[in-house]
Amino acid sequence: NALFFADALNQYLSKRWREPKSPSTNRFDLAVLYNPSEALAPSDKRALERFVKAGRKLDVNVELIERKDYGRLGEYDALFIRETTNIDHYTYRFSKKAASEGMVVIDDPNSIVRCTNKVYLAELLAVHNIPAPKTIIIQKQNHTEHLSLIETAIGYPVVLKIPDGSFSRGVFKAESRRELEDIASKLFRESDLILAQELFI
């Protein structure tokens, strides 16, 4: 009957979903998100070991966590992301959840949004007159006239990038007008904006 069902449901929902974490004897618990399979990780195995060792000296429990540990974030005081972050990636979801729970988090969600957007960074550097490679932002709809501007303002070789690339993904070098047109055409299939920058060697 209805009363039996309600009682059974109440008992089921009152059960713990996982065993509670044993009380920590450290001042703080720090989660370090990493991916052991990432080819070009921000921190290699040796660096991560040093993080853990440094934490012990500071009375901070440093624990390496992976994507599968998303549900455990609430067990920690802070999150340090040592994976390549992106907006359409689980690293951003980790960052958002940690921030929403009041945890200290590096990189925080706003920083991920800003730093993965090369258009934003280029404009920010220009506004504050910070020296940077000469950059031209090209829009898909009127890119033909911009290609000529690139030739006169930057010259060859020129580096072309998508706004949200990282670790050389979506980064190409053009040595001629033909290469410039071919690469731009390829990148515009992936993005409505691309950046052209002078090459520093």
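Helices and strands in these notes are DSSP runs, H or I of at least four residues for helices and E of at least two for strands, numbered from the N terminus.

**Entry 1: ground rules**

I am working with a predicted model, where local features need pLDDT of at least 70, side-chain atom pairs count only at pLDDT 80 or more, and totals for chains, interfaces and linings use all residues. Residues are numbered from 1 along each chain as its sequence is written, and side-chain values use heavy atoms, with hydrogens and water left out.

**Entry 2: Val158**

I started with Val158, which sits in strand S6 (residues 158-161). Is Val158 buried or exposed? It is buried, because its relative accessibility is 0%. My cut-offs: buried is under 20% relative accessible area, exposed is over 50%, and partly exposed is in between (1.4 Å probe, protein chains only). I also looked up Phe200, 42 residues from Val158 in sequence; in space the two are 9.6 Å apart, C-alpha to C-alpha.

The one joining Tyr156 and Pro157 is cis, with omega about -5 degrees. Pro157 belongs to the loop between helix H6 (143-153) and S6.

Asp107 is in the loop between strand S4 (104-106) and helix H4 (109-115).

**Entry 3: salt bridges**

I note the general idea here: side chains of opposite charge can pair when their charged atoms come close. I count a salt bridge when a side-chain nitrogen of Lys or Arg is within 4 Å of a carboxyl oxygen of Asp or Glu. How many did the search of the whole structure find? It found 7 salt bridges.

I looked up Arg177 and Glu181, whose closest N and O atoms are 2.9 Å apart in their salt bridge. They are 4 residues apart in helix H7 (residues 177-187), so about one helical turn separates them. Arg177 is partly exposed at 25% relative accessibility, and Glu181 is partly exposed too, at 37%.

Some salt bridges share partners, and these join Glu63, Lys68, Asp69, Arg72 and Glu75 into one network. I opened up one link of it: Glu75 with Arg72, closest N and O atoms 3.2 Å apart. Glu75 counts as buried because its relative accessibility is 19%, while Arg72 is partly exposed at 23%.

I also noted Lys173 with Glu175, a salt bridge with its closest N and O atoms 3.5 Å apart. Lys173 is partly exposed at 45%, and Glu175 is partly exposed at 42%.

**Entry 4: Glu83**

I went to the loop between strand S3 (78-81) and helix H3 (90-100), where Glu83 sits. Glu83 is buried but has no salt bridge. Which side chain of opposite charge is nearest to Glu83? It is Arg67, 8.0 Å away.

What I did find for Glu83 is a polar contact of 2.6 Å between its side chain and that of Tyr90. A polar contact is a pair of N or O atoms within 3.5 Å; within protein, one must be able to donate a hydrogen and the other to accept it, and residues adjacent in sequence count only if both atoms are side-chain atoms.

**Entry 5: Arg93**

Arg93 is in helix H3. I put it down as partly exposed, because its relative accessibility is 44%. Tyr70 is 23 residues from Arg93 along the chain, and their C-alpha atoms are separated by 8.9 Å.

**Entry 6: a charged patch**

Which residues form a positive surface patch? I wrote down Arg46, Arg50, Lys53, Arg56 and Lys57. For like charges, a patch joins residues within 9 Å that have over 30% relative accessible area and no salt bridge. The place of a charge is NZ of Lys, CZ of Arg, CG of Asp or CD of Glu. Arg46 is in helix H2 (residues 45-57), and it is exposed, with a relative accessible area of 55%.

**Entry 7: positive phi**

Asp59 has phi near 65 degrees; it lies in the loop between H2 and strand S2 (60-65) and is partly exposed at 31%. Asn129 has phi near 55 degrees. I found Asn129 in the loop between helix H5 (118-127) and strand S5 (135-139), and it counts as exposed because its relative accessibility is 68%.

Notes: Patch = residues over 30% accessible without salt bridge, like charges linked within 9 Å, V, L, I, M, F, W, Y side chains within 5 Å. Areas by Shrake-Rupley, 256 points an atom, 1.4 Å probe, with all protein chains shown as cover. Lys, Arg positive; Asp, Glu negative; His and termini not counted.
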